[in-house]
Amino acid sequence: MKIILLIIVFCFSITGLSLSQSLTPLKLSDIKKESLEIVNPVIKAGSSDYKKELSDQIFVTYSYIQNLGNFKDYYSDGQGFMLNYGKYFPNSWLAVVRSGYFKQNFKVDVDSGGFNNFNYIPIHFGGRFYVYKNVFMPYFSFMNGINIISATDFVGDVNHDDETTVKYAFQVGFGFDVKFTRNFGVNASINYNNSFWEDSDPGIGQEGKMMTGFEYVGGLVYNFNR
Amino acid sequence: MPIKKTTLLILFVLFFAGVNFSPGQETAGSKEVLTLKKLSEKISYAENGDKIKLTLNSITRERYSSSVIKSFSNKSNKALSKKYDDFGDLTSKDNNLLTLSPKSKYSLKNVISNPLPTPEKYVPWESTKHFGWAVFDELFFNIAFPWALARFGRDWDSPGQGERWPFIGWQSIWSNLNNGWNYDGDNFQTNYFAHPFGGSLFFNSGRSNGYNFWESGAFALAGSFIWEHFMETNQPAINDWVNTGLNGAAFGEILYRLSTMVTDNTARGSHRVWTEIAGGLFNPVRLFQRLVTGEVSRVFPNPEWRKPDYFNLNLDAGTQVFTNDSSDVKELEGMFEMNIVYGTPFEHKRTTPFSHFAFNFGIGTTSPTVQNMHAIGSLVSFQISDKKTAKHSLETTLNYDYINNVALIYGNAAFVEKLNSEYILNNKDLRLRTNLGLRIIPMAATSDDYFLDSTDGRNYDMGQALGASAGFGLYKDGWSILEVAYAMDYLWTQSEPAFSEHLVQWGEARFQLPLKEYFVFGLSFGFYKRNSYYHYPDGFIIDPNTGQPKATPDVGFQSPLIRAYFKTRIF
């Protein structure tokens with residue numbers, strides 16, 4: 001949570017610096033200066049110019065995951081970061097590809113049934129549908145892809161093999177972008193994660209430990225103006 | 001209770017329909033369309049309108065009923081009313097006025113030279129996006145209504161929680177969110193036949209409200225997600241989600257295009273009624289939306305893409321022989337097939353998804369009745385070269401395969417990367433087409449020789465697969481003379497218990513002899529082949545007869561396929 005606060009403070013610091021910038025229209029020759037131009041939501045909101053605000057973007061996000069279900073009985077929570085690239089498609093769609101690194105925290109009071117080190121590298125693709133394009137841009141999102149999972153140091157059984165495996169991952173959620181300048185903004189979202197780990201199989205007495213959880217995300221966005 | 005709710009829904013729909021069924025709605029397209037009603041208005045507004053009298057010449061008299069002509073001839077122009085809409089459309093071009101008498105023609109030209117302001121152009125419903133209606137169709141028409149039918153429309157006498165899937169509550173929703181995905185135990189027909197059709201309804205919630213193929217695909221995936229997580233007590237099944245989403249998009253787009261093709265926005269009278277009914281049979285969601293918006297009775301231009309450059313619907317009937325997978329006995333049965341080819345694979349002017357597709361549907365005289373369905377729809381294609389004698393293109397297709405006969409059970413949703421080539425041989429009418437494909441399959445299923453889900457009865461495995469396909473064909477005068485096709489997929493089982501892998505292959509060579517322009521005789525030789533590799537732990541599979549652990553050796557099975565048939569082209 002501290003990191004999210006830091007991100008927000010960082011964004012405000014950028015916008016604060018740019019308060020002295022003029023509100024003249026964007027010129028190619030002045031693109032550097034324009035990138036820090038602060039957006040006045042009162043003036044811009046609902047204007048036709050702002051209908052064009054959706055653009056290609058790069059964004060870095062931090063995620064905190066609150067696990068659910070049987071998986072939560074072994075791994076309390078997780079966190080990680082991702083680097084995302086979004087490609088704009090008319091008129092409200094953003095296709096996104098992303099990758100990063102995540103770590104799940106094994107519960108200290110559990111003495112068997114899980115791995116002390118549980119990390120994964122997600123490689124996901126999907127998209128967002130923006131329901132409103134303005135200074136405040138809410139959206140619904142869907143992402144899916146693979147998690148390359150590395151699990152080592154099984155607790156309670158020294159003979160248990162370490163595992164490196166690839167599993168399907170899926171995420172739906174909603175969030176919003178807020179653009180503070182023409183190029184910079186912040187992002188926040190809440191997602192539901194549903195990723196394969198261990199399926200339930202009554203035939204062999206295996207209980208399911210699918211990686212379900214709620215993910216809280218904050219990030220920094222850089223927009224490529226069209 | 002269920003009857004009352006159903007009745008209320010029908011009344012609700014009819015209420016909208018009734019409001020919008022007012023006759024005589026006219027629409028101006030890109031050129032001014034002048035109906036008799038409008039003509040009447042124009043004349044009545046003209047300076048000398050009361051002096052103009054229209055009479056019909058002999059040609060026009062032959063075209064229209066005597067009652068219409070009588071009224072038309074006897075009344076003054078101000079009295080012309082909407083009943084004359086049957087007269088049809090007139091444009092302002094002179095040649096269209098030649099069907100009237102010379103005197104009328106002169107008068108009309110004067111009137112038309114000072115027309116009324118052109119009416120505001122009508123924007124067809126499907127040409128703009130309607131998010132609210134799309135969500136309404138998705139949530140109420142395709143989710144809440146079927147759920148309510150299942151929950152209240154039948155007696156649930158089984159006390160087992162798993163059998164009472166519509167008895168949802170906050171607890172079941174929270175449980176589903178906690179447990180996450182699973183592979184379900186439903187039978188093959190439910191998962192690979194019913195779910196794709198359900199998905200087509202989700203898909204058309206978007207498609208019938210102005211969204212394109214890709215956007216509507218999101219509606220199919222979202223609808224299935226909502227259904228799996230919130231509308232059933234069963235754990236969400238990822239195989240349902242994929243089959244409903246991907247195969248639903250394939251079916252949905254095919255049905256949307258067929259519905260649009262048979263619906264004629266410019267038709268009137270009984271012809272219009274029948275085209276709307278036919279369109280509604282293909283796509284009930286679209287019919288519902290057209291009832292709500294009143295487009296079922298509005299006259300307006302058809303979309304430009306309504307009719308493809310090429311369309312071929314043919315039916316065939318014959319017999320086929322293959323070997324039963326379980327008994328190793330050769331079986332003979334009657335077989336009926338329908339084939340649709342929409343658009344041409346080498347037409348690159350319009351490369352929207354499914355601007356070219358092929359659909360095959362076959363039923364047999366033995367059980368199961370529906371034995372095969374295949375859909376291939378073009379998603380994107382790129383032309384590599386286009387010469388007089390040879391064309392090459394790269395194409396990504398969305399494929400659906402459903403094979404369910406005594407020789408092989410196999411289903412999938414697949415993306416196929418294909419290299420298509422067409423060579424025009426010496427004779428200009430003779431074409432050789434080839435294709436080579438790589439198949440990426442998010443969800444496939446085929447028989448498991450040992451596993452049987454004791455609760456739901458599933459006896460097949462599901463998982464992801466990779467495969468390849470190849471084929472070539474000789475075509476002349478719209479018929480294939482020779483077609484050879486082969487496909488193979490390698491499936492890694494992911495559904496528990498995941499102790500198997502499968503190699504599935506099938507191929508067919510068809511020879512067709514055109515007897516008439518619309519009639520051919522065909523012979524087909526093919527095979528189905530499955531190699532299954534099992535690595536169940538010792539003692540995992542128990543023989544139900546002896547109660548003892550059962551060995552699980554690998555299994556190889558092959559069935560020849562021989563068919564003889566007659567085929568006729570309908571369109």
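Tutor: Start with one residue, and keep in mind that this is a predicted model. B:G362 is found in strand 5 of chain B, residues 357-364.

Student: Is B:G362 buried or exposed, and why?
Tutor: B:G362 counts as buried because 20 C-beta neighbours lie inside 10 Å. The cut-off for buried is 20 or more.

Student: What is B:G362 in contact with, leaving aside neighbours within four places in sequence?
Tutor: B:G362 is in contact with B:M335, B:F336, B:E337, B:Q371 and B:N372.

Student: Ok, zooming out. How many helices and strands are there in chain B?
Tutor: Chain B has 13 helices and 14 strands. Its length is 571 residues, and buried residues make up 37% of them. Take the contacts in chain B between residues at least 6 apart in sequence: 67% of these join residues at least 24 apart.

Student: And chain A, how many helices and strands there?
Tutor: Chain A has four helices and eight strands. From the N terminus on, they run α-α-α-β-α-β-β-β-β-β-β-β. Of its 226 residues, 34% count as buried. For contacts in chain A between residues at least 6 apart in sequence, 60% join residues at least 24 apart.

Student: You mentioned helix 10 of chain B. Why call it largely enclosed?
Tutor: Of the 18 residues of helix 10 of chain B, 15 are buried, so the helix is largely enclosed by the rest of the structure. Its span also agrees with expectation: at 1.5 Å a residue it should be 26 Å, and the end C-alpha atoms are 25 Å apart.

Student: What about helix 7 of chain B, how far does it reach?
Tutor: Helix 7 of chain B, residues 131-152, has 22 residues and reaches 29 Å from its first C-alpha to its last. That is close to the 32 Å expected at 1.5 Å a residue.

Student: Where does the kink lie in helix 7?
Tutor: A kink of about 30° lies at B:A144, shortly before the proline B:P146.

Student: Which residues of helix 7 are buried?
Tutor: The buried residues of helix 7 of chain B are B:W133, B:A134, B:D137, B:E138, B:F141, B:N142 and B:I143. An α-helix has 3.6 residues a turn, so residues three or four places apart point the same way. What covers the buried residues of helix 7 of chain B includes helix 9, helix 10 and helix 13 (284-293) of chain B.

Student: Different topic. What does the domain assignment give for chain B?
Tutor: The assignment gives domain 1 (2-22 + 130-293), domain 2 (34-113) and domain 3 (312-569). The centres of domain 1 and domain 3 of chain B, taken over C-alpha atoms, are separated by 27 Å. Their contact takes 23 residues from domain 1 and 30 residues from domain 3.

Student: Which helix of chain B gives the largest share of the domain 1 side that touches domain 3?
Tutor: Helix 11 of chain B does, with eleven residues. By class, the domain 1 side has twelve nonpolar, eight polar and three charged residues.

Student: Last one. Which residues have the most contacts inside the largest nonpolar core?
Tutor: They are B:F219, B:A250, B:I254 and B:A375, in a core of 86 residues. Helix 11 of chain B, residues 238-262, supplies the largest share of this core, twelve residues. Domain 1 and domain 3 of chain B each give the core at least three residues.

Student: And what does B:A250 touch, not counting residues up to four places away in sequence?
Tutor: B:A250 touches B:A375, B:G377, B:L398 and B:Y400.

Technical notes: Residues numbered from 1 in each chain as written. Chains lettered and ligands numbered in written order. Predicted model: local features only at pLDDT ≥ 70, side-chain atom pairs only at ≥ 80, totals over all residues. Core = buried A, V, L, I, M, F, W, Y, C linked by C-beta atoms within 7 Å. Buried ≥ 20, exposed ≤ 12 C-beta atoms within 10 Å, placed from the backbone. Helix = DSSP H or I, 4+ residues; strand = E, 2+ residues; numbered from the N terminus. Domains from an automatic or database assignment. Contact = placed C-beta atoms within 7 Å. Expected span 1.5 Å × (residues − 1). Nonpolar A, V, L, I, M, F, W, Y, C, P; charged D, E, K, R; others polar. Bend = angle between axes of the 7 residues up to and from the residue.
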